[in-house]
Amino acid sequence: IYRKLINFDYFVAVLVFSFLKIPLTISYELAGFRNFSLLLQAGAAYHLLQNDKRSFKPFNEASSRLVSTALEAKKINDGFWSAGGGITLAYKAGRAFELQLTPRFEYSFISIEGIKPRPEPSYGLSIGLLYKINAGP
């Protein structure tokens with residue numbers, strides 16, 4: 001979910017966008033020791049717009065010389081791509097389960113109508129539980 005609050009003396013705008021993320025990630029094991037593994041991960045994801053909620057609170061006209069206002073919102077596209085990677089520390093908690101901790105770096109290529117798309121960097125920390133369906137003996 002992306003949320004942004006814009007506050008000026010003459011209006012307040014709240015923008016909330018919700019996306020469904022469809023990721024594809026590949027991993028390469030760099031090192032392994034006892035139940036721990038160090039993996040290099042890279043991947044891409046497609047984000048589908050699920051909700052585009054915008055609310056605008058207009059300025060107080062009584063305290064202003066303005067007689068009217070027009071606020072045009074740019075249209076956000078229905079989907080965008082992102083790509084990135086990270087280094088994962090994994091702990092094997094059994095034959096089929098694995099706990100993972102991944103600091104990530106990602107570029108998002110979000111597109112808004114009338115604005116040239118440019119990569120937007122982001123950082124994050126992913127914590128996960130991996131279940132291997134075909135975990136052999």
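A residue is called buried if its relative accessible area is under 20%, exposed if it is over 50%, and partly exposed in between, with a 1.4 Å probe and protein chains only. The model is predicted, so that local features need pLDDT of at least 70 and side-chain atom pairs count only at pLDDT 80 or more, while totals for chains, interfaces and linings use all residues. Residues are numbered from 1 along each chain as its sequence is written, and side-chain values use heavy atoms, with hydrogens and water left out.

**Overall architecture**

- The protein chain has six strands and zero helices; both are DSSP runs numbered from the N terminus, a helix being H or I with at least four residues and a strand being E with at least two.
- Along the sequence, the pattern reads β-β-β-β-β-β.
- The protein chain has 137 residues, and 23% of them count as buried.
- A contact requires heavy atoms within 4.5 Å. Of the contacts between residues at least 6 apart in sequence, 57% join residues at least 24 apart.

**Aromatic pairs**

- The structure holds seven aromatic pairs. Rings of Phe, Tyr and Trp (its six-membered ring) pair if their centres lie within 6.5 Å; planes under 30 degrees apart count as stacked, over 60 as edge-to-face and the rest as tilted.
- One of them joins Phe 19 and Phe 80 edge-to-face, at 5.0 Å centre to centre and with 90 degrees between the planes.
- Because Phe 19 belongs to strand S2 (residues 12-33) and Phe 80 to strand S4 (residues 79-92), this pair ties together parts that are 61 residues apart in sequence.
- Phe 19 counts as partly exposed, at 21% relative accessibility, whereas Phe 80 counts as buried, at 8%.
- Phe 36 and Tyr 91 form a tilted pair, with 5.1 Å centre to centre and 50 degrees between the planes.
- This pair links distant parts of the chain, since Phe 36 is in strand S3 and Tyr 91 is in strand S4, 55 residues apart.
- Phe 36 has a relative accessible area of 35% and is partly exposed; Tyr 91 is also partly exposed, at 34%.

**Two residues of strand S3**

- Gln 41 is found in strand S3 (residues 36-57) and is buried, with a relative accessible area of 11%.
- The side chain of Gln 41 makes a polar contact of 3.4 Å with the side chain of Arg 104. Such a contact is a pair of N or O atoms within 3.5 Å; within protein, one must be able to donate a hydrogen and the other to accept it, and residues adjacent in sequence count only if both atoms are side-chain atoms.
- Gly 43 is also found in strand S3 and counts as partly exposed, at 24% relative accessibility.
- The C-alpha atoms of Gly 43 and Leu 24 are separated by 5.5 Å, although these residues are 19 apart along the chain.
- Beyond four places in sequence, Gly 43 touches Leu 24, Thr 25, Ser 82, Ala 83 and Gly 84.
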